[in-house]
Amino acid sequence: MSVSNAWSRSREKLRLFPELFAQCSPEAATYGKCVSASTTGRQELKKDMCAKEFQALKTCFTNAAKRKAT
């Protein structure tokens with residue numbers, strides 16, 4: 001595998017990110033609200049605090065990418 005080929009694939013994935021993000025805006029907003037609510041005041045975000053919301057966002061991105069690839 002050539003280095004330029006790897007960079008081309010990476011650039012293509014990054015180019016698609018805004019479109020995929022737009023398809024997952026409800027999940028992204030929910031995750032963002034969880035993170036924001038979890039860090040109000042002096043609280044620190046702890047591992048797995050918003051795991052359910054993150055998993056929903058990750059699943060959405062994965063499904064959106066699969067739909068785009070077909």
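Cys24 has a relative accessibility of 0% and therefore counts as buried. In this predicted model, Cys24 pairs with Cys60 in a disulfide, their sulfur atoms 2.1 Å apart. The disulfide count comes to two.

**Disulfide of Cys24 and Cys60**
- The torsion about the S-S bond is about -95°, so this disulfide is left-handed.
- Cys24 sits in the loop between H1 and helix H2 (25–38) and Cys60 in helix H3, so the pair ties together parts that are 36 residues apart in sequence.
- Cys60 is buried, with a relative accessible area of 12%.

**Disulfide of Cys34 and Cys50**
- The sulfur atoms of Cys34 and Cys50 are 2.0 Å apart, and the two residues form a disulfide.
- This link is left-handed, with -90° about the S-S bond.
- Cys34 belongs to helix H2 and Cys50 to the loop between H2 and H3, 16 residues apart.
- Cys34 is buried at 14% relative accessible area, and Cys50 is buried at 6%.
- With the bonded cysteines numbered in sequence order, the pairing is 1-4, 2-3.

**Nonpolar core**
- The largest nonpolar core has eight residues: Leu16, Leu20, Cys24, Ala28, Leu57, Cys60, Phe61 and Ala64.
- Helix H1 (3–23) and H3 each give two or more residues to this core, and H3 gives the most, with four.

**Charged residues of helix H3**
- Glu53 lies in helix H3 and is buried without a salt bridge; Lys52, the nearest side chain of opposite charge, is 4.6 Å away.
- Leaving aside residues up to four places away in sequence, Glu53 touches Thr30, Tyr31 and Cys34.
- Lys58 is in helix H3 (residues 51–69) and is partly exposed, at 43% relative accessibility.
- Lys58 and Glu27 are 31 residues apart in sequence, and their C-alpha atoms are 8.8 Å apart.

Note on methods. Residues numbered from 1 in each chain as written. Predicted model: local features only at pLDDT ≥ 70, side-chain atom pairs only at ≥ 80, totals over all residues. Heavy atoms only, no water. Buried < 20%, exposed > 50% of the residue type's maximum accessible area, 1.4 Å probe, protein only. Core = buried A, V, L, I, M, F, W, Y, C linked by side-chain atoms within 4.5 Å. Lys, Arg positive; Asp, Glu negative; His and termini not counted. Salt bridge = Lys/Arg side-chain N within 4 Å of Asp/Glu carboxyl O. Contact = heavy atoms within 4.5 Å. Disulfide = S-S within 2.5 Å.
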